[in-house]
Amino acid sequence: MKFKKILPQFLTLLFIVLIFGFFTMNAQENMDTRGIEFGFGFLSKSASFDIQFSLIDYDGSMSYGRAYLVGLLNTLLVSFIGIILCTILGIIVGVARLSPNYLINKTASFYVEFFRNVPLLLQIFFWYFAALRALPMPEDAPLIFGSSYMTIKGLYTVAPIWNNFDVFFIALIIAMIIIFFFNKFAKRKQEKEGKQYPKFLISLGIFIILPSLTFLIGGVDLSWSFPELKQLAKTSFTFDGGMGIPPELIALTLALTLYTATFIAENVRAGIQGVGKGQKEAAASIGLTPSQVLKLVIMPQALRIIIPPTTNQYLNLTKNSSLAAAIAYPDLVLVFAGTAMMQTGRAIEIVGITMATYLTISLTISMFMNWYNKRIAIQEK
Amino acid sequence: MFKYLKQLTSLVAMVAVLFTFTTETMAAKKSKTLKNTQKKGFVRCGVSQGLPGFSNADAAGNWTGVDVDVCRAVAAAVLGDANKVKFTPLSAKERFTALTSGEIDILSRNTTWTLSRDADIGLTFVGVNFYDGQGFMVRKDSGITSTSQFKNGISACTNIGTTTELNMRDFFNSKGISYTPVAFEKADEVVAAYDAGRCDTYTTDKSGLAAQRTKMTNPDDHMVLPETISKEPLGPVVRQGDSVWEDIVRWSLNTMIEAEEYGVTSANADMMKTSENPQIKRLVGAEGEMGAAFGLDNEWNLRIIKQVGNYGESYKRNIADTGILPDRGPNELWTKGGILYVPPSR
């Protein structure tokens, strides 16, 4: 009886192992006949190509491994900004779709229907080339907020110049730890004695005051560097100083955010509508204020419906960021699976590393979201 | 006991050596790629995604260009019909993987011959069909007339996955100029971004610049700077490990160039069979057994010249008459002041 149960599983496993074995052997044989060697030694060789935009120090004399890191950080950057922005926009639009106001309601549903039904790559091209055509050349760009210029070559804005940034950073982390323990303490106090603190205000106070103190006594100093117009040739200008954000990053973030937010908006709408009307009425009848109803009764239940499908959207956004290659944003795919693969010819190794990297990023996001989902799930007693 | 073991191992080693030796020579006699091509009935050729003069498809899907003609020549030699070619447009990034993975059998896509490409990644370059060098394009109204006027902070649009990216770095580094590279996957996007004003300069092979200039909104607003910053010998590539196929592609290209040298054209090729010059007679299959070494018939080279034409005809048709680069420069025959020089077919 037991044998009958195990046999099909064993055969399936054997089949999979054989298939993988065959692919590996086949690849090995083909690589041998073409004189291609397999190995990761190339990662420490000098890359000898430059990258447009990098969060860490990089130039072409550094290794392929370093170039990989630059690409990875750029992918993480655009995913991180994208996830935050699309969550905010998604919640606003999702709530707007439930608004009784006709104009708000219809605008929101038009936005959702339009942006989720146009292919993403097309949207990326649209934002990039439309923006490029519409934006002014550096010399014609108007000053925004007294500090920034939006030009065809990117957004040039002020850059902070720190002195003793590490002291400030440590203070920031200490503040966050204090806030964490304060909130725990306040919660216990409320459960025991029913006493409520203005938690948000006190947390905000700690968050602002403690790091600010470092300016007075920690020797922390902050000044600003402003972008200045610089002439390259008779009709060609750029900006010097300050911080330059490439238009590729802006266009990509915009496209990813607008596209993914439509799906999140629908999740939010579904989540809120999924909470029974009776819940709201019951909460109101025991004397909770409308904001308390939303915070303590509706949202905790709605989140359970919202989180799992939203996790999917976060994963989609991260993976979709690889479309960056089309518009020259130097992400992992463009830098590593593009240029580095071309220069070294190590297709199998590089595609393997790239796949493993995306897999790791996706699994990390989904692990975090699963943890959060479990935390807010109903705790059966 | 040990003595026997030693003998046994040496015997095994000898058999192994013998075995590999015999399989090697067998492989040399039979080209797998040639056999597959003849079985399929078409040559699988990797080309660019659209570079006028080199490989470009018209609205009806007909491919033309000097790179395209190399593949057509191989088809004429191997299959008897220059039109029996299946073209696969490839980006710079995809090209080598497509070749090594066996998706295509010839890569004829303005590809620079370098040591690391030839030796390291399973490829073999068979020759040069265009001598090129990297240059820069700028807007005329910028007033820049030489690369010596480039200043710190300049932004340069280019393609990823090409030698261009590396040369650009070498160039700007040696001049001590800081620059912003903006690298796209496809040439069309590079052109669109540069045309819109994203970059101050556009850099690639000079032939590519001349060809892409025709795609700009106003071609006359742009100019190619005189400096050449690198050597870019462009040529067809095959997979490593099939030396017969490699020879077929190499000598198809050589035939076109040598035919120009001896004045054999698509129009007069048949008449040349009765020529007095034995070298010309060998070129049109009227003397010697030139095809046998490849496993081809004796008129393989005649078919190339008749159906595709010699190198000069191909250049004139694709590059000169289209206004891309009317002056042949280094791509003139060695007898006429250029550097085109191929070994003799004999």
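Predicted model: local features only at pLDDT ≥ 70, side-chain atom pairs only at ≥ 80, totals over all residues.
Which residues are buried in helix 8 of chain B?

The buried residues in helix 8 of chain B are Lys206(B), Ser207(B), Gly208(B), Leu209(B), Ala210(B), Ala211(B), Gln212(B) and Arg213(B). Eight of the eight residues of this helix, which spans 206–213, are thus buried, so helix 8 of chain B is largely enclosed by the rest of the structure. As to what they pack against, the buried residues meet several elements of chain B: strand 7 (130–132), strand 8 (134–139), helix 7 (187–196), strand 11 (201–205) and strand 12 (222–224).

I turn now to chain A. Chain A contains 11 helices and eight strands. Its radius of gyration is 26 Å, well over the 21 Å that the globule rule gives for 381 residues, and chain A is therefore more spread out than a compact globule. Along the principal axes, the C-alpha atoms of chain A fill a box of roughly 85 × 80 × 50 Å. Of the 381 residues in chain A, 29% are buried. When contacts in chain A between residues at least 6 apart in sequence are considered, 66% join residues at least 24 apart.

Finally, the strand pairing in chain A. Strand 2 (residues 148–151) and strand 3 (residues 154–157) of chain A pair in the antiparallel sense over three bridges, and they form a hairpin with two residues between them. Within this pairing, Met150(A) has Leu155(A) as its bridge partner. Strand 3 of chain A also pairs with strand 8 (residues 243–245) of chain A, in the antiparallel sense and over three bridges. There, Thr157(A) has Met243(A) as its bridge partner.

Technical notes: Residues numbered from 1 in each chain as written. Chains lettered and ligands numbered in written order. Helix = DSSP H or I, 4+ residues; strand = E, 2+ residues; numbered from the N terminus. Rg over C-alpha atoms; globule rule 2.2 N^0.38 Å. Buried ≥ 20, exposed ≤ 12 C-beta atoms within 10 Å, placed from the backbone. Contact = placed C-beta atoms within 7 Å. Pairing = 2+ DSSP bridges.
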